[in-house]
Amino acid sequence: SGSIRLGNDGTFHVTGNTNIGAGLDVTGAITSTGNLTLTSTDDGSVASPVVEFYRNSASPADADLLGELKFTGEDDGGGKSLFAKITAKIDDASSGSEDGALEFTLRKANSNNIGARLTSTDLKLINGTGLEVAGDITSTGDLTITNTYPRIYLTDTNHNSDFIIIN
């Protein structure tokens, strides 16, 4: 069992296992040192502290949403806007071969746009999301380009003709 108490300095203290069945809403002038801090004093090698999102469904199914982290703020007109979110999903609920997925949604032209989906087998950049890399790309597999008119553009910014294509 646990306890909840409000300190004389206005701080909120929760100890032990405490069930807050109606939800918890913290509102106020929160400082930049952290709105929620979970501190573990365990000196072992296990991961700690741990935040768990557990969806205890009576009928779990493929594509069920498991939880979200939402990042909201105000636009310059003072309205509350969702700018980004990370959503966890069940990709395959089959017992013994379960697969999960993470979706990354970003605000794009005033609409929510799933820009990336990370599955158990792929990282998919979708809905017009490009890939920009500042550095080398090394692949040990094939590069497959599927398009009606596939093209590869090679831009030499130092004006040296040092492109090599080996067939």
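**Exercise 1. Describe the hairpin formed by β4 and β5, and find its turn residue with a positive phi.**

Solution. 
Step 1. In this predicted model, six residues lie between β4 and β5 in their hairpin.
Step 2. Look in the turn: Gly 96 has a positive phi of about 95 degrees.
Step 3. Now check the pairing. Strand β4 covers residues 80–92 and strand β5 covers residues 99–108. The two run antiparallel, and eight bridges join them.

**Exercise 2. Decide whether Thr 105 is buried or exposed, and list what Thr 105 touches.**

Solution. 
Step 1. Locate the residue: Thr 105 lies in strand β5.
Step 2. Its relative accessible area is 5%. The cut-off for buried is under 20%, so Thr 105 is buried.
Step 3. Leave out residues up to four places away in sequence. Thr 105 then touches Phe 83, Ala 84, Lys 85, Asn 112, Asn 113 and Ile 114.

**Exercise 3. Work out which residues the salt bridges of Glu 68 join.**

Solution. 
Step 1. The whole structure holds four salt bridges. One of them joins Glu 68 and Lys 70, at 3.7 Å from N to O. Another joins Glu 68 and Lys 85, at 3.2 Å.
Step 2. Glu 68 sits in strand β3 (residues 65–74) and Lys 85 in strand β4, so this pair ties together parts 17 residues apart in sequence.
Step 3. Glu 68 is partly exposed at 28%. Lys 70 is exposed at 54%. Lys 85 is buried at 19%.
Step 4. Turn to another salt bridge: Glu 103 and Arg 117 meet at 2.7 Å, N to O. Glu 103 is in β5 and Arg 117 in β6, 14 residues apart. Glu 103 is buried at 6% relative accessibility, while Arg 117 is partly exposed at 24%.
Step 5. Return to the shared partners: Glu 68, Lys 70 and Lys 85 form one network of salt bridges.

Methods:
Residues are numbered from 1 along each chain as its sequence is written. This is a predicted model: local features need pLDDT of at least 70, side-chain atom pairs count only at pLDDT 80 or more; totals for chains, interfaces and linings use all residues. Side-chain values use heavy atoms; hydrogens and water are left out. Two strands pair if DSSP finds at least two bridges between them. Helices (H or I, at least four residues) and strands (E, at least two) are DSSP runs, numbered from the N terminus. Buried means under 20% relative accessible area, exposed over 50%, partly exposed in between (1.4 Å probe, protein chains only). Contact means heavy atoms within 4.5 Å. A salt bridge is a side-chain nitrogen of Lys or Arg within 4 Å of a carboxyl oxygen of Asp or Glu.
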